[in-house]
Amino acid sequence: MLKTLLNSSILFASCLLLQANIVNAAEVSKLDESLVPVDSRSAAERAQAISIGLKSVILKNSGSKAALMHPSIAALVKKPTTLISQFGYQELDGKLYLQVSFDHKRIIRLLREAKLPVWGKQRPLTLAWIVEELPRERVIVNDESLLESRALFQAESETKGVPLLFPLMDLDDNMKVSANDIRGMFAEQVADASLRYQADYFVMASIDSTSSPLKYSLALYPVGKTEPIQTSLVSKREVVGDINAAVTEIISTVSEFYVGRYAIADTGAEIESHVTFVDVTDMKQLVSIEKYLKQLSAVKFVQLIQLNGTKARYKLELFGTEEDLHRLMNLEPRVHAQERSTIDIFNKVQASDHVTPEEGDGIEYRWQG
């Protein structure tokens, strides 16, 4: 099983690395699927595995463990058959698994009705600088590492829907980062080495596999900030039972931060916003932009309300706030915030020379799809 996980993980990470050379965020697929180990094909075990699979899918789409405690969600977890799209069995390294897919639209609708957060498929890409303390050496877990922890990290990141990328640890990386830099949480050195990967965030984590109980520490930082790094976005230092628990805790901590920032719950308020795209030259772009806006977890309704030359203006109804909307749009590599024109052709008023994605209504974007 470890060999299978490792091979698939290396392929997955390699694909992400190819993406990361061009873009920042990663698009998570298979948010409606789960793979659950089973001992037999019996009806009783299948029913139990389907419930476990639904829990996994709920967590991937919400990111919140509280979602499983909501009465409507808990009731469906006990009787999940109405949400099943399809299921089948697979054998991996002699182990039997039930692969089950659920109705994704119904899952999202259930979360919305319960006022629970929904985490969209466009998610931050995290570069993982992990040092593992082994009996005779300290090792940086790299993209081609054969360590068990490498496969465990990748499997856990896929389970929780947190795209993860490991450093190559080639000559460039080794010239900039040492195991002691990561273990000592020297963020400046690691931040500089992280720029080549164009990830959204980087996490530094140290795992002491020689101690009993096992110790780990972590710190999460944004990639690409020009000002000196002073404090981490989140940090943690704990003692756990084994390497599996350490990996789970590290990924869970990172995931919880992202959920708080990027998963959007329905506020119940009627919030309206507008976004403008510039340099729109054909119908294909208009269709792509509208399709993109509709799939954002912050967006309830989209309408193209005005075309003027190469500018397209959209009216949006939101589940969350305008800050939520622009924060999500910042993750999309095809969308780029632009300097605003001196004259706003839609409002006929003087506009500021430059905007950032936090300034609200009227931000101009360019679609590069």
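**Reading strands, helices and core in a predicted model**

Biologist: How many bridges join E12 to E16, and do the two strands run parallel or antiparallel?

Modeller: E12 and E16 are joined by 3 bridges and run parallel. Within that pairing, Phe277 stands opposite Tyr365 in E16. Keep in mind that the model is predicted.

Biologist: What is the order of the strands in the open sheet?

Modeller: The order is E13-E14-E12-E16-E15, an open sheet of 5 strands with mixed pairing. At the edges are strand E13 (299–308) and strand E15 (335–337), each of which pairs on one side only. From one strand to the next, the twist averages 35°.

Biologist: How does E15 pair with E16, and which residue is the bridge partner of Val335?

Modeller: E15 and strand E16 (residues 364–367) run antiparallel and share 3 bridges. The partner of Val335 in E16 is Trp367, while His336 stands opposite Arg366 in E16.

Biologist: Which helix lies across E12, E13, E14, E15 and E16?

Modeller: Helix H10 (residues 283–295) lies across strand E12 (271–278), E13, strand E14 (311–318), E15 and E16, and runs at about 155° to E13. Helix H11 (residues 322–329) also packs on the sheet, where it touches E12, E13, E14, E15 and E16. The direction of H11 makes about 30° with that of E12.

Biologist: Glu364 sits in strand E16. Does it count as buried or exposed?

Modeller: The cut-off for buried is under 20% relative accessible area. Glu364 has 5% relative accessibility, so it counts as buried. Its side chain makes a polar contact of 2.6 Å with the side chain of Lys311.

Biologist: Now the core. Which residues have the most contacts inside the largest nonpolar core?

Modeller: The general idea is that nonpolar side chains in soluble globular proteins tend to be buried together. Here the largest nonpolar core has 55 residues, and those with the most contacts inside it are Phe153, Val275, Phe277, Leu293, Tyr314, Leu316 and Met329. Helix H9 (residues 243–262) supplies the largest share of this core, 9 residues.

Biologist: Elsewhere in the chain, how many of the residues of strand E10 are buried?

Modeller: Of the 9 residues of strand E10 (residues 214–222), 8 are buried, so the strand is largely enclosed by the rest of the structure. To one partner, strand E9 (residues 201–208), E10 is joined by 8 bridges in an antiparallel arrangement. A hairpin of 5 residues links E9 to E10, and Ser206 has Ser217 as its bridge partner. E10 also pairs with strand E11 (residues 234–240), again in the antiparallel sense, over 7 bridges. There, Tyr216 stands opposite Glu238 in E11.

Biologist: How far apart in sequence and in space are Leu152 and Thr248?

Modeller: They are 96 residues apart in sequence and 8.5 Å apart in space, C-alpha to C-alpha. Leu152 belongs to helix H5 (residues 148–160) and is buried, with a relative accessible area of 18%. Beyond neighbours within four places in sequence, Leu152 is in contact with Ile243, Asn244 and Val247.

Biologist: Finally, the whole protein. How many helices and strands are there, and what percentage of the residues are buried?

Modeller: There are 11 helices and 16 strands. Buried residues make up 50% of the 369 residues. Of the contacts with a separation of 6 or more, 68% involve residues 24 or more positions apart.

Terms used:
Residues numbered from 1 in each chain as written. Predicted model: local features only at pLDDT ≥ 70, side-chain atom pairs only at ≥ 80, totals over all residues. Heavy atoms only, no water. Buried < 20%, exposed > 50% of the residue type's maximum accessible area, 1.4 Å probe, protein only. Helix = DSSP H or I, 4+ residues; strand = E, 2+ residues; numbered from the N terminus. Pairing = 2+ DSSP bridges. Axes fitted to C-alpha atoms, helices over the stretch in contact; angles between N-to-C directions. Contact = heavy atoms within 4.5 Å. Polar contact = N/O pair within 3.5 Å; in protein donor to acceptor, adjacent residues only side chain to side chain. Core = buried A, V, L, I, M, F, W, Y, C linked by side-chain atoms within 4.5 Å.
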